Amino acid sequence: MTDEPPLLRPYTLTRGRTRPTGPDFDLVTIVRALPASHVTGLPPEQLRILRACQSPASVADIASDVGLSLNVVRVLLGDLRELRLIAARPPATVAQLPEERILREVIQGLHAL
């Protein structure tokens, strides 16, 4: 006999939902737990997710850490976001390169020094 809890179907964990409430979570969305004085009444899966994102972590890393599928984690993260227990930010994007004209002016300015 093992000490592992019984396996729950993803449908049960998400109450039949397949999408999170609010904006979707990308694989590399960074999630972190917000300070909360006392969290009660959450299912064990959501508590594991909160522990996994005590320090900022990507959605993919959280899913891996808690051993749940990405879709289930996304739905549960949506619930935690609604409860204001987590904050999520999209991944950093690469800034668009400046126009060639601006780069040439910078080079000319450097040469003038």
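Trainee: Is D24 buried or exposed, or in between?
Mentor: D24 counts as partly exposed, because its relative accessibility is 44%; buried means under 20% relative accessible area, exposed over 50% and partly exposed in between, with a 1.4 Å probe and protein chains only. This is a predicted model, in which local features need pLDDT of at least 70, side-chain atom pairs count only at pLDDT 80 or more, and totals for chains, interfaces and linings use all residues. Residues are numbered from 1 along each chain as its sequence is written, and side-chain values use heavy atoms, with hydrogens and water left out.

Trainee: Where does D24 lie?
Mentor: D24 is in the loop between α1 (10-13) and β1; helices (H or I, at least four residues) and strands (E, at least two) are DSSP runs, numbered from the N terminus.

Trainee: How far apart are D24 and G78 in space?
Mentor: Their C-alpha atoms are 8.0 Å apart, although 54 residues separate D24 and G78 in sequence.

Trainee: Changing topic, which residues touch the most other members of the largest nonpolar core?
Mentor: They are V31, I49, I62, V73, L77, L80 and I86, out of 21 residues. Such a core is a set of buried Ala, Val, Leu, Ile, Met, Phe, Trp, Tyr and Cys residues joined through side-chain atoms within 4.5 Å.

Trainee: Which element gives the most to this core?
Mentor: α4 does, with five residues.

Trainee: And what is L80 in contact with, leaving aside neighbours within four places in sequence?
Mentor: L80 then has contacts (heavy atoms within 4.5 Å) with L42, Q46, I49, L50, L85 and I86.
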